[in-house]
Amino acid sequence: FLTGVGCALCNVPLEGPSGTICAACLLRPPRHDGVRAAVAYGDVARTMALALKYGRRTGVAQPIGAALARIVRQAGGEGILVPVPLHRWRRWSRGFNQALTIAHAVASRTGQRVEPDLLRRVRATPSLRGLSGKARADAVRGAFRVERRIDGATIWLVDDVYTSGATAAACVAVLKRAGATRVVVLAWARVVRED
């Protein structure tokens, strides 16, 4: 579980005083307003994420949602839960969107509103697994669209795993262009590099 002090911008675990910024964020400040993840990506987190995403074990979303609901409640603010969308062909082949399932599990514990159709994936993208950070960013560029203005909104962008941040960055960019004031990424697990 990620419970300690983290980077003031991306919340990657860091040693040091509150307000410290990691080297990656100093080099390239993120578009989002923070990443909040329940756990570091490892064997258990991967097993749960894969069981949900590919094993269609939607009950796994309940403990994930409980962990993320604690994060939302600790933040103490209102916001709209917006799942990272799947392209319609991927949603059709998978049968559901795991991010939407997680968002509903969070909403049932926090009372936050879920807006499943606010953000749309308008272009199919290849699987990002195994791609470099630049290749991931190139793959998702222009893949998302916001359906209406959301001036002044705080958005919790919900996903299962935060890896390189390419998908989140593409989503955040269009959400902010549509008027969102804050977009915080809310993920079950995040990849944490040892260095």
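An open sheet is formed by five strands in the order E1-E7-E6-E2-E3, with parallel pairing. E1 and E3 are the edge strands, each pairing on one side only. Strands (E, at least two residues) and helices (H or I, at least four) are DSSP runs, numbered from the N terminus. Two strands count as paired if DSSP finds at least two bridges between them. The model is predicted: local features need pLDDT of at least 70, side-chain atom pairs count only at pLDDT 80 or more, and totals for chains, interfaces and linings use all residues. Residues are numbered from 1 along each chain as its sequence is written, and side-chain values use heavy atoms, with hydrogens and water left out.

E7 is joined to E1 by five bridges, and the two strands run parallel. Val 39 stands opposite Ala 189 in E7. E6 and E7 also run parallel, joined by eight bridges. Here Asp 159 has Ala 187 of E7 as its bridge partner. Eight of the nine residues of E7 are buried, so the strand is largely enclosed by the rest of the structure. Buried means under 20% relative accessible area, exposed over 50%, and partly exposed in between (1.4 Å probe, protein chains only).

E2 (residues 80-83) pairs with E6 in the parallel sense over four bridges. E2 also pairs in the parallel sense with E3 (residues 113-114), over two bridges. Leu 81 has a partner in each of these strands: Trp 156 in E6 and Val 114 in E3. In a regular strand the side chains alternate between the two faces of the sheet. In E2, Ile 80 and Val 82 point one way, while Leu 81 and Pro 83 point the other way. All four of these residues are buried.

Helix H3 covers residues 61-75. At 1.5 Å a residue, its 15 residues should span 21 Å, and the end C-alpha atoms are 21 Å apart, which agrees. The expected span is 1.5 Å times one less than the number of residues. The buried residues of H3 are Ala 61, Ile 64, Gly 65, Ala 67, Leu 68, Ala 69, Ile 71 and Val 72. Gly 76 follows H3 and has a positive phi, near 70°.

The loop between E5 (144-146) and E6 holds Asp 151. Ile 150 has its place in the loop between E5 and E6 as well. Ile 150 counts as buried, at 4% relative accessibility. Asp 151 counts as exposed, at 55% relative accessibility. Leaving aside neighbours within four places in sequence, Ile 150 is in contact (heavy atoms within 4.5 Å) with Leu 118, Ile 155, Leu 175, Ala 178, Gly 179 and Ala 180. Asp 151 touches Ala 178 and Gly 179, not counting residues up to four places away in sequence. Asp 151 and Ala 178 lie 27 residues apart in sequence, with 6.8 Å between their C-alpha atoms. Ile 150 and Arg 177 are likewise 27 residues apart in sequence, with a C-alpha to C-alpha distance of 9.2 Å.

Pockets were located on a 1 Å grid over the protein atoms alone. A pocket is an open set of points where a 1.4 Å probe fits, with protein on both sides within 12 Å along at least five of seven lines; lining residues have an atom within 4 Å of a point. Grid points are joined across faces, edges and corners, and a volume is the space filled by probe spheres set on the points.

The largest pocket holds about 1400 Å³ of space. It is lined by 39 residues, of which Ala 24, Arg 28, Tyr 162, Ser 164 and Gly 165 are the closest to its centre. Helices H1 (23-27), H6 (133-140) and H7 (166-177) each supply at least two lining residues. H7 gives the largest share, seven residues. By class, this lining has 24 nonpolar, six polar and nine charged residues. Ala, Val, Leu, Ile, Met, Phe, Trp, Tyr, Cys and Pro count as nonpolar, Asp, Glu, Lys and Arg as charged, and the others, Gly among them, as polar.

The second largest pocket holds about 810 Å³. Of its 37 lining residues, Lys 53, Leu 128, Arg 136, Asp 160 and Thr 163 are the closest to the centre. H2, H4 (88-94), H5, H6, E6, H7 and E7 each give two or more residues to this lining. Its classes are 19 nonpolar, nine polar and nine charged residues.
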